[in-house]
Amino acid sequence: MIEQTPFIHRNLPRLLLEAREAVMQHTRPSLREHGLSDQQWRVLRVLGEHAAEPGGVETGRVAREALLLGPSLTGVLTRMERDGLITRARCPQDARRTVVRATAAGLKLVHTLSETIEAHYAWMEEQLGKAQLAALYALLDAVIALEAPEGDGLSEETCE
C-alpha cells in the first residue's frame with residue numbers, strides 16, 4: 001500500500017506560478033504584438049519606473065527588479081540595444097559597472113503597453129473589488145518580505 005503524501009498545505013510556489021501565467025495570458029499578446037519577450041518587458045518596465053534617474057540604472061539593480069539572472073540579462077540587453085530600446089554605458093565612478101537607460105522609443109513602448117496593462121488591472125479590480133486586490137498586493141508583499149534573506153534589501157545603486 002502506498003502512503004498518502006505528508007503535505008498539509010497547498011503547493012504555494014505552483015499556485016503563484018499559475019496566477020502569474022493567468023495574468024500573463026492577457027499581457028503576452030500585447031507584448032508579442034510589439035516584438036517583446038516577457039523578459040524584455042520586465043526590463044523595460046523597470047527602466048520606465050526609474051526613467052527620472054539621471055544616471056541610469058545599474059545592471060545589477062535591473063537584474064534584481066526584473067527577476068533575471070546576470071547572464072540572461074546580458075543577452076536580453078544586447079537584443080534590446082540592437083532594437084534601439086535601451087542604451088548602455090559605463091558608470092563614470094566605477095568602470096566595472098554598467099548603467100542602462102530606456103531610449104525615447106523604449107519609453108514610448110512602456111507608455112503604450114502600460115495603457116493595455118492598466119486596463120487589465122482595472123478589470124481585475126472591478127472583478128475582485130478594490131479591497132480584495134489591495135489585500136492581494138499586501139499579502140504578496142508580506143510573503144516576499146517574510147521569505148527575503150536577511151539584509152537582502154534593494155540597494156539604491158546609481159551612477160551620476
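Modeller: Let me start with a term: a nonpolar core is a set of buried Ala, Val, Leu, Ile, Met, Phe, Trp, Tyr and Cys residues joined through side-chain atoms within 4.5 Å. Please keep in mind that this is a predicted model. The largest nonpolar core here has 25 residues, and those with the most contacts inside it are Leu36, Trp41, Val43, Leu44 and Leu47.

Biologist: Which elements give two or more residues to this core?

Modeller: They are helix 1 (12–33), helix 2, helix 3, helix 4 (70–82), strand 3 (94–102) and helix 5 (104–128), and the largest share, 5 residues, comes from helix 2. As for Leu36, if we leave aside its neighbours within four places in sequence, Leu36 is in contact with Leu31, Trp41, Leu44, Leu85, Leu109 and Leu113.

Biologist: How many helices and strands are there in the protein chain, and in what pattern do they follow each other?

Modeller: The protein chain has 6 helices and 3 strands, and read along the sequence they give the pattern α-α-β-α-α-β-β-α-α. The C-alpha trace spans about 65 × 35 × 35 Å along its principal axes, and of the 160 residues of the protein chain, 29% count as buried.

Biologist: What makes the contact between helix 2 and helix 3, and which classes of residue does it have?

Modeller: Helix 2 (residues 38–49) and helix 3 (residues 59–66) pack at an angle of about 115 degrees, with their axes 9 Å apart, and helix 2 passes helix 3 in a right-handed crossing. Helix 2 makes the contact with Arg42, Val43, Val46 and Leu47, and helix 3 with Val62, Glu65 and Ala66. By class, this contact has 5 nonpolar, no polar and 2 charged residues.

Biologist: What is the label for Thr103, and why?

Modeller: Thr103 lies in the loop between strand 3 and helix 5. Its relative accessible area is 16%, and the limit for buried is under 20%, so Thr103 is buried. Leaving aside its neighbours within four places in sequence, Thr103 is in contact with Gly84, Leu85, Ile86 and Thr87.

Biologist: Why does Arg97 count as partly exposed?

Modeller: Arg97 lies in strand 3 and has a relative accessibility of 23%; buried would need a value under 20% and exposed a value over 50%, so Arg97 counts as partly exposed. The C-alpha atoms of Arg97 and Gly60, 37 residues apart along the chain, are separated by 8.6 Å.

Biologist: What makes the pair of Arg45 and Glu49 a salt bridge?

Modeller: Side chains of opposite charge can pair when their charged atoms come close. For Arg45 and Glu49 the closest N and O atoms are 2.9 Å apart, and a salt bridge needs such atoms within 4 Å, so the pair is called a salt bridge. Both residues lie in helix 2, 4 residues apart, about one turn of the helix, and Arg45, at 32% relative accessibility, counts as partly exposed.

Biologist: How many salt bridges does a search of the whole structure find, and which residues are linked in a network?

Modeller: The search finds 12 salt bridges. Arg20, Glu21, Arg28, Arg32 and Asp38 are linked in a network of them, where the side chains of Arg28 and Glu21 meet at 3.1 Å, N to O. A further salt bridge is formed by Arg88 with Glu81, the closest N and O atoms being 3.0 Å apart. At 28% relative accessibility Arg88 counts as partly exposed, and at 34% Glu81 counts as partly exposed.

Technical notes:
Residues are numbered from 1 along each chain as its sequence is written. This is a predicted model: local features need pLDDT of at least 70, side-chain atom pairs count only at pLDDT 80 or more; totals for chains, interfaces and linings use all residues. Side-chain values use heavy atoms; hydrogens and water are left out. Axes are lines fitted to C-alpha atoms, for helices over the stretch in contact, and angles run from 0 to 180 degrees between N-to-C directions. A crossing is left-handed if the near helix is turned anticlockwise from the far one by less than a right angle, and right-handed if clockwise. Contact means heavy atoms within 4.5 Å. Ala, Val, Leu, Ile, Met, Phe, Trp, Tyr, Cys and Pro count as nonpolar, Asp, Glu, Lys and Arg as charged, and the others, Gly among them, as polar. Buried means under 20% relative accessible area, exposed over 50%, partly exposed in between (1.4 Å probe, protein chains only).
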